[in-house]
Amino acid sequence: MRRNQDCNGIDHVIARRDFLWGSAAGAIGLGALTSPLNAAHLQQQQKRVLQIYLQGGVSQLESWDPKPGTQFGGPFQAIPTSVPGIHISELLPHTASRMHLLSLVRSINSKIGDHRQGMLFMEKGRRAGDYPYFGSVVSKYLAPTDAELPGYIHISKRGIVDSTAAFLGARHAQLKLLGDQAPANLASPKSIDEPADDARQRLRVQFDRRFSKQRSRALTDVYNSSFEQAEKLMKRKAMFEGDVGEQDLDRYGRHDFGRHCILARDLLENGATCVKVTHHGYDTHAENFNFHLEQLGEFDKTFSMLLDDIHDRGMLDSTLVIVYSEMGRTPKINTKYGRDHWGTAWSVAMGGCGIQPAAVIGKTNDEGTEVVEREVDGGHLFHTYLSALGLDSTMDHDISGKSIPIGDPAAAPIEELLA
C-alpha cells in the first residue's frame, strides 16, 4: 500500500506548468543582501542547500520526537543514536547511526494545521504575504552569476509550481523537475547548427530589448529568464542521459525517491546552489503507523546514503541539509488509527553548513501535546537557515524604491543551533 496523496490535494488545485516558472509580479531592483564584497565571497565558497520535504506532515512521534509507552506514543520504540542521550524512532535506524551529523528542533509551534498555509510559512518564514521562498532567497544571494545550473531546483513527482520568487524575479524562481527525467526539448533541432542558433539568440535579445522599452520589464524578465535557464540545462543535458549506476541504485533504492536523491546529489556536485527533493505521502489520517512504517522505511536508508555521499565527498561543511514538513501529526490517535493535522508541537532535522551538530533544541511535554521549552516557528527557522549560510537575515532586500526585510523582524535565528 502506497500513500501518495494528501487529504487536501494541494498539488491538484495549482496550475501545472512544465518549464516556465516564476512570478511576473513586482518591480525589480536587485540589490545585495550583504555588501557586494561579502556576497561575492560567499558565492566563491560554493555554499549549497539540500532540502528534503516530507510532504503531508510527517509524524514527529514516529520520527524525531518519539514518546513510547505514553498515552499517545503509538507502537514504535525509541532507539539510541550515534549521539549519547539522543533517541529517535526505531523507524529511522540508518539516520540514527548518523545523528552526529544532524541536529533536531523539537519545539516548533507554527499554530497552523493546514497543508498549504503551513507549507508557505515554512518556505517563506512568514505567515502571510508575497515573500520569496527560502530557495529563491538562496538562489538570489548564493548562486554565482555565471552558474551553469539554475539556482533553485525542485525534484518532485507532482505538478505543483508555486510563485516562489515573489519580488526577487523569475531568475530565482524554482525550476521544477518532474522526477529524474530530463525536461522536454533539451536538444536543439538537428536542422539548426551552432552558428545559426547563436544568430537566433542574438535576434531574440534584440527583439526583447525593443519590446521591453514599451512594456513591463517584469514580463520580459520572465521570458528572458526562461530562455537563460533552458540554455543552461541544454548545455548540461548529459546529466539526464546516462543510466543510473547499479551500485547507486542498490544503495539508494530502486524507487522514485532513491532516483530523485541520486539526481539531487549529482546536481549539487555539479554546481547547483539549492536542490529540493519532495517525498510525498505523509498525510496519514488513517493507518498512520502502517504508512509511516513504509514511508520512513523508504526515506531512512535513502536519505542516509545521500548524507553519506555529501559527507564523504567533502561537501557537508558547505551544504546546509534540511529535513522538514509543513506541520506535524496530532498526538491523539483517531478512530481510523490515524493522526490528524498538528501545528502545535512538532520537529525538524538539519545539519551541515553552519549548524552545530548533535544538538537538540527545545522540548515537548511527556505526552507530546505542547512545547515546554524554547518554542520556535517557521520565522525562527527561516532566520536560522540563512544565518547558517553566512547571510544576515536581519537586513533588507534592496528593492527599487523600498526596502523589504529578508526575515520576519518579529523572529530571530536560533543562535544556539548555529556553529
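Colleague: What makes Asp193, Glu194, Asp198 and Glu231 a patch of negative charge on the surface?

Modeller: Keep in mind that this is a predicted model. Asp and Glu count as negative, and like charges are joined into a patch within 9 Å, provided the residues have over 30% relative accessible area and no salt bridge. Asp193, Glu194, Asp198 and Glu231 gather in such a patch.

Colleague: Take Asp198, then. Why is Asp198 called partly exposed?

Modeller: Its relative accessible area is 36%. Buried means under 20% and exposed means over 50%, with partly exposed in between, so Asp198 at 36% goes in the middle class. Asp198 sits in helix α5, residues 194–212.

Colleague: On to salt bridges. How do you know that Arg265 and Asp248 form one?

Modeller: The closest N and O atoms are 2.8 Å apart. The cut-off is 4 Å between a side-chain nitrogen of Lys or Arg and a carboxyl oxygen of Asp or Glu, so the pair Arg265 and Asp248 qualifies. The two residues come from distant parts of the chain: Arg265 is in helix α9 (residues 256–269) and Asp248 in helix α8 (residues 246–252), 17 residues apart.

Colleague: Are those two buried or exposed?

Modeller: Arg265 and Asp248 are both buried. They also belong to a network of salt bridges that links Asp248, Arg251, Arg265, Asp266 and Asp309. Searching the whole structure turns up 17 salt bridges.

Colleague: What makes Arg254 and Asp250 a salt bridge?

Modeller: Again the N to O distance, here 2.7 Å. With the limit at 4 Å, the contact between Arg254 and Asp250 therefore counts.

Colleague: And why do Arg254 and Asp250 count as partly exposed?

Modeller: Arg254 has 49% relative accessibility and Asp250 has 48%. Exposed starts over 50% and buried is under 20%, so Arg254 and Asp250 are both partly exposed.

Colleague: How do you know that Arg329 and Asp283 meet in a salt bridge?

Modeller: Their side chains come to 3.0 Å, N to O, and the definition asks for within 4 Å. This pair also links distant parts of the chain, 46 residues apart: Arg329 is in strand β9 (residues 328–329), while Asp283 is in the loop between β7 (274–279) and α10 (288–312).

Colleague: Now the strands. What makes β15 and β16 a pair?

Modeller: Pairing takes at least two bridges, and four join β15 (residues 396–399) to β16 (residues 402–405), so they pair. The strands run antiparallel, and Pro405 in β16 is the bridge partner of Asp396. Together they form a hairpin with two residues between the strands, and Gly401 in the turn has a positive phi of about 90 degrees.

Colleague: How do you know that β8 and β11 are joined?

Modeller: By four bridges between β8 (residues 319–324) and β11 (residues 346–352), which run antiparallel.

How values were computed
Residues are numbered from 1 along each chain as its sequence is written. This is a predicted model: local features need pLDDT of at least 70, side-chain atom pairs count only at pLDDT 80 or more; totals for chains, interfaces and linings use all residues. Side-chain values use heavy atoms; hydrogens and water are left out. Patches are made of residues with over 30% relative accessible area and no salt bridge: like charges are joined within 9 Å, nonpolar side chains (Val, Leu, Ile, Met, Phe, Trp, Tyr) within 5 Å. Accessible areas come from the Shrake-Rupley method with a 1.4 Å probe; for residues, only the protein chains shown count as cover. The place of a charge is taken as NZ of Lys, CZ of Arg, CG of Asp or CD of Glu. Buried means under 20% relative accessible area, exposed over 50%, partly exposed in between (1.4 Å probe, protein chains only).
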